Amino acid sequence: MNEKELIESGNMKMEWARNHMPVLAIIREQFIEEKPLKGHTIGMALHVEAKTAVLVETLAAGGAKVAITGCNPLSTQDDVAMALDTRENVSCFSRYGCSSQEYYDAIDKVLDFEPDITIDDGADLIFKLHTERTDLLPNILGGCEETTTGVHRLHAMDKEGALKMPVIAVNDAMTKYLFDNRYGTGQSAWDGINRTTNLLVAGKNVVVGGYGWCGRGVAMRAAGLGANVIVTEVDPIRALEARMDGYRPMKMSEAAKLGDIFVTTTGNRDILTAEHFKVMRDGAILANSGHFNVEIDMEALASLAKSVRTVRQNIKEYDIGNRRINVIADGRLVNLAAGDGHPAEVMDMSFADQALCVRHIAENKLLNGVHKVPLELDTYVAKLKLESMGISIDEFTLEQEKYMNGWECGT
């Protein structure tokens, strides 16, 4: 496609997403009327695809100047990036398949706009601010972090006294992790795996690395597709939950011998290593749904391989002698590198959280450190989502309110 056709394709994707994000539409109308972000510059490092573009439009509608790049070299949709770059007060620097150097150069280009508010997915923007672009920190009012991995990094920085700005952990909003992480990751990870492999899941042994909210979602959808689900964990409580949910918890050293499909969701490194590759079944399929591409030890796999070839779009086969191991999207985030990411209806809530938290930062002076999403914002997003679905719920009566807040009533 030529440039005009790419932009039109991006616009169509954005329109489709926009039509399925009613909560963000309500917030966008509020932003258009009130302009709460006028005079602010927002620097973003997120997955550049249609749902993110709708968030960017919303922030720009609120009066902000927005500069954005990707947070993963393989998750950008170039047609959306090009369409987004045509919007007034929006500059987009992301492209699909960029090198590591190009990736960090694009982050620098975003920071060249001297943003006073940031939005991250993985905390790479904030990391850059705290290492190479520290001169910009005095201008920063605060930031938002979208994902579990990024929140972990921020807590580690805060614990060491290294975090020099306030950041809202948007990932930890209930209207985010209970839906985005669980239902979004669960569906979109399998969207990526299924469209890439075109193989049957029913009857196969699926190994899910990690049983946090993302792992719960992946396991739930695997079971729904007819798989025999095995879960690996380091947390005894989560492992017990997995067992009570009907799955088989075990060590990865044992699961590696049994799995047909492996999906890592831990946010940690070295979940699948040489030890595991050597005992895997011939034809095993490996996918990662954690943020960074460190969960599968790709260097160790490459060193074991006698040959590597692309056997299907987004699938590389590593022949390690007596078995072939297939890796989807080079071990990067499978739902975005090999799919379209989370469903729009789920991201509607997550990005509504982002928009409201950006407004909260703009209107309040926050102290340095990691902040929770204000409960009233979290609840407001849930109420708007229910209303958009035509659902109404009960409210406490005065007597019930008094009873719940009192202590006098006994048996």
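The exercises below concern salt bridges in this predicted model.

Residues are numbered from 1 along each chain as its sequence is written. Local features need pLDDT of at least 70, side-chain atom pairs count only at pLDDT 80 or more, totals for chains, interfaces and linings use all residues, and side-chain values use heavy atoms, with hydrogens and water left out.

**Exercise 1.** State how many salt bridges the rule gives.

Solution. The rule asks for a side-chain nitrogen of Lys or Arg within 4 Å of a carboxyl oxygen of Asp or Glu.

**Exercise 2.** Describe the salt bridge between Glu 57 and Arg 18.

Solution. The N to O distance is 3.0 Å. Glu 57 belongs to helix 3 (residues 50-61) and Arg 18 to helix 1 (residues 3-18), so the pair ties together parts 39 residues apart in sequence. Helices here are DSSP runs of H or I with at least four residues, strands are runs of E with at least two, and both are numbered from the N terminus. For accessibility, buried means under 20% relative accessible area, exposed over 50%, and partly exposed in between (1.4 Å probe, protein chains only). Glu 57 is buried at 14%; Arg 18 is partly exposed at 23%.

**Exercise 3.** Locate the partners of the salt bridge between Arg 281 and Asp 260.

Solution. Their closest N and O atoms are 3.1 Å apart. Arg 281 sits in the loop between helix 12 (274-277) and strand 11 (284-288), and Asp 260 in the loop between helix 11 (252-258) and strand 10 (261-264), 21 residues apart. Arg 281 is partly exposed, at 34% relative accessibility.
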